[in-house]
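Work through the exercises below with the structure in view, and try each task before reading the solution that follows it.

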Amino acid sequence: MPRVIQAFALQTSFVQSLNDVIQGLGVSVLLPIIIFVIALAFRVNASQAAKSAILIGVGFVGIFLVIGMFGEEIGPLANAMVDATGLELAAVDVGWPAAAAIAFGIAELGVWVIPIFVVLNLALYAIGFTFTLNVDIWNYWHFAFIAGLVFFATNSWAVAMGIGLTLGVFLLVAADWFQPAIEETFDTPGISIPHGTSVPYAVAAIPIHEVVKRIPGVGSTTWDPETIQQRFGVFGEPVTIGLVLGILIGIGGNINSLGTADAWYTILGAGITFAAVMHILPMMVGILMEGLTPLSQSIRDTMTQRFEDRDFAVGLDSAILIGHESTIAASLIAVPIAILMMIVLPGNNVLWGVDLATFPFFFAMMVPLMDGDVVKMVITGIILMIPMHYIAGAVAPLLTDAAVSADFDLGDASLITSPVADAGSPATGVLALPGQALGISGAYLSLAVGIVSILALWLALRLWPRKMYVIAGASPEKADEMVQRRHMEGKAGVLPTKLGEPIDPDDLADEVAESD
């Protein structure tokens, strides 16, 4: 028995050290290393793999520099608006970087979720349950985040880990579902997005969009960036939109001091910062994609040669999507709306801060679903932000307890939260809030709902693949292509790729057209 205990202690120490390395490196260093190793394993030329990995790292650094600059600019302005109203909002938004750090430090859940989920993902791919291999190990923090909240609600490590892994598996299946639309819209062949922030909002957006597109005057018009530029000329240019939004928010944040020069320095600075985000962020994503695209295509080609009976997708961060003009425009418009909602929503206790810069991840996967229509995206976002405020406020006590246990410095805050990522997420509402309200019985309910949701989505993708891909935003032609890639061979591993009636290749276009 002492040897068993010693072996377990050594194993735990190794996993803890691995976790420390992952946190220390961060996504901008860790993911390029992982991609480089994977590329070599798939016999990509070493020099090409190294160059691509470096470009991926540079792209991530650039993206987070832009988002960080945006957050530093908008946070104080949001606080100034609240101060002007005299409101007291207790749950301070500390943002996703703090949430990730807390998640990896809770009760060793973050330590163990990485090796367990890697093995689970490999097993699920081997048997044909998913087409996605999620190599974005850094973003496993989303699983640990949910697990940590459940742990502090129930004090059950096993149930908490089970719910965290359930979220991870749901993201894999949902990534398979959205991949055709993502691949088509963003030109990312062989890449899926099992991202813990973006996926739950995209899934929740589907039924909301069905209502929004039926609103008179909204569903019958198109407001994508290209159309906006055509209708408004220079005033529809992304940088102009950013400039105007930044100035308006700057005025709101300095409403009591508009007669001073310092106020106008801040206002004009906010305008240029917003314009810079609109112009620079797509460039940074372009650098990332310059490194990623050739590698992902090479890896996918190798996998399809080795496993001719199945499709394969590399699961990556939704950061590769946030450079789309529709995403950036909707995100900047959402900022003042979120600040206004913070002030006027009855019973809200969330004080926005760092996560105002995270809206690109909120909107990223909605672009194909709504054909890049900024108006539809913003309306859908407004509807989603209403429960977001209340969920983020409700779990703030749990997140604060988790932060204290992870030795996170709360500063002057009595409560902390991260509304977009992931304290206000639909996933948090489904998987963590029941445990908080009902204890262990609520957590079991969440676990059951999560498992049923996974199986229901998996079955739907095998029974009606064409319709499901179109529902997620793929064109009928892309849905046809994906059905031929994934669902014509009968099996992938030991599980079927198609249930029910077999697919007649001659009938592909007809059924998709009916569901469009």
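Helices, of at least four residues, and strands, of at least two, are runs assigned by DSSP and numbered from the N terminus. The model used throughout is a predicted one.

**Exercise 1. The chain as a whole**

Describe the secondary structure of the chain, and then state what share of its residues is buried.

Solution. Begin with the secondary structure, which comes to 22 helices and eight strands. Turn next to burial, for which a residue must have under 20% relative accessible area; of the 516 residues in the chain, 56% are buried. As for the surface, the accessible area of the chain is about 20,100 Å², and carbon and sulfur atoms account for 65% of that area. Finally, among contacts in the chain with a separation of 6 or more, 80% are between residues 24 or more positions apart.

**Exercise 2. Salt bridges**

Find the salt-bridge partners of Glu 210, and decide whether Lys 376 and Asp 373, which also meet in a salt bridge, are buried or exposed.

Solution. Side chains of opposite charge can pair when their charged atoms come close. A salt bridge here requires a side-chain nitrogen of Lys or Arg within 4 Å of a carboxyl oxygen of Asp or Glu, and the count by this rule comes to nine.

Glu 210 meets Lys 213 with an N to O distance of 3.1 Å, and Glu 210 also forms a salt bridge with Arg 214, where the closest N and O atoms are 3.2 Å apart. In this group Glu 210 is partly exposed at 32% relative accessible area, Lys 213 is partly exposed at 33%, and Arg 214 is exposed at 59%.

For the other pair, the N to O distance between Lys 376 and Asp 373 is 2.9 Å. Lys 376 has a relative accessible area of 7% and is therefore buried, and Asp 373, at 2%, is buried as well.

A network of salt bridges links Glu 183, Asp 311, Lys 478, Glu 481, Arg 485 and Arg 486.

**Exercise 3. A nonpolar patch**

Identify which residues form the nonpolar patch on the surface, and which element gives the largest share of the patch.

Solution. The patch is formed by Val 21, Leu 25, Val 29, Ile 33 and Val 37, which together have about 370 Å² of accessible area. Two elements, helix 1 (2-25) and helix 2 (27-41), each give two or more residues to the patch, and the largest share, three residues, comes from helix 2. Val 37 lies in helix 2, and Val 37 is partly exposed, with a relative accessible area of 48%; patch membership requires over 30%.

Methods. Residues numbered from 1 in each chain as written. Predicted model: local features only at pLDDT ≥ 70, side-chain atom pairs only at ≥ 80, totals over all residues. Heavy atoms only, no water. Buried < 20%, exposed > 50% of the residue type's maximum accessible area, 1.4 Å probe, protein only. Contact = heavy atoms within 4.5 Å. Areas by Shrake-Rupley, 256 points an atom, 1.4 Å probe, with all protein chains shown as cover. Patch = residues over 30% accessible without salt bridge, like charges linked within 9 Å, V, L, I, M, F, W, Y side chains within 5 Å.
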